[in-house]
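I opened my notebook with the model on screen. I wanted to look up contacts and strands, one entry at a time.

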Amino acid sequence: QVQLVESGGGLVQAGGSLTLSCTASGNMVDIYVMGWYRQSPGSQRDLVATITGSGTTNYADSVKGRFTISRDNRKKTINLQMNNVDSGDTAAYYCYANRLPTSPISAASWGRGTQVTVSS
């Protein structure tokens, strides 16, 4: 079982920056991919960015060029650097861990989420 704890959410002005962090604990032997999803009220949970153990990244089109995901395997931590945020980035952000990039969402471990609110 993997436990994920997010930190770094909060209120940020449009055009500003924010960094989210997620620290994992527990049995990480089978975990190869980690990342971030986000969910707004009334919407489904959507992928933001993922990163594999070897450093391969994947981003949603809406955040490409603005967000950067990074990973420290030794510290079992991932970060999401969010730059030039806008109102569309307002959501609860959830840390995600799974065995493979192709593994089903139903098999993933999730954090409890951290709220990001962008003010105009």
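**Entry 1: salt bridges**

I started with R66 and D89, whose side chains meet in a salt bridge at 2.8 Å, N to O. R66 lies in the loop between β6 (57–59) and β7 (67–72), and D89 lies in the loop between β8 and β9, so this pair ties together parts that are 23 residues apart in sequence. I noted that this is a predicted model.

Are these two residues buried or exposed? I looked up R66 and found a relative accessible area of 13%, so R66 is buried. D89 has 1% relative accessibility, so D89 counts as buried too. The cut-off for buried is under 20%.

Next I checked R38. R38 also forms a salt bridge with D89, and the closest N and O atoms are 2.9 Å apart. R38 sits in strand β4 (residues 33–39) and D89 in the loop between β8 and β9, so the pair ties together parts 51 residues apart in sequence. R38 has a relative accessible area of 12%, so I wrote it down as buried.

Which residues are linked in a network of salt bridges? I listed R38, R66, D86 and D89.

How many salt bridges does the structure hold? I found 4. One of them joins the side chains of D61 and K64, at 3.2 Å from N to O. D61 has 64% relative accessibility, so D61 counts as exposed.

**Entry 2: strand β4 and its partners**

I went back to β4, the strand that holds R38. In β4, 6 of the 7 residues are buried, so the strand is largely enclosed by the rest of the structure.

Which strands are joined to β4 by bridges? I found β5 (residues 46–52), joined to β4 by 6 bridges. The two strands run antiparallel. β4 and β5 form a hairpin with 6 residues between them. In that turn, G42 has a positive phi of about 80°.

I also found β9, joined to β4 by 7 bridges. β4 and β9 run antiparallel. Here W36 has C95 in β9 as its bridge partner.

**Entry 3: strands β7 and β8**

How do β7 and β8 run, parallel or antiparallel? I found them antiparallel, joined by 6 bridges. I followed I69 across and reached L80, its bridge partner in β8. The hairpin of β7 and β8 has 4 residues between the strands. There, K76 takes a positive phi near 55°.

Last, I looked at S87. S87 lies in the loop between β8 (77–82) and β9 (91–98). D89 is in the loop between β8 and β9 as well. I compared their accessibility. S87 has 59% relative accessibility, so S87 counts as exposed, whereas D89 counts as buried at 1%.

How far apart are S87 and Q13 in space? I got 9.0 Å, C-alpha to C-alpha. In sequence, S87 and Q13 are 74 residues apart.

Note on methods:
Residues are numbered from 1 along each chain as its sequence is written. This is a predicted model: local features need pLDDT of at least 70, side-chain atom pairs count only at pLDDT 80 or more; totals for chains, interfaces and linings use all residues. Side-chain values use heavy atoms; hydrogens and water are left out. Buried means under 20% relative accessible area, exposed over 50%, partly exposed in between (1.4 Å probe, protein chains only). Two strands pair if DSSP finds at least two bridges between them.
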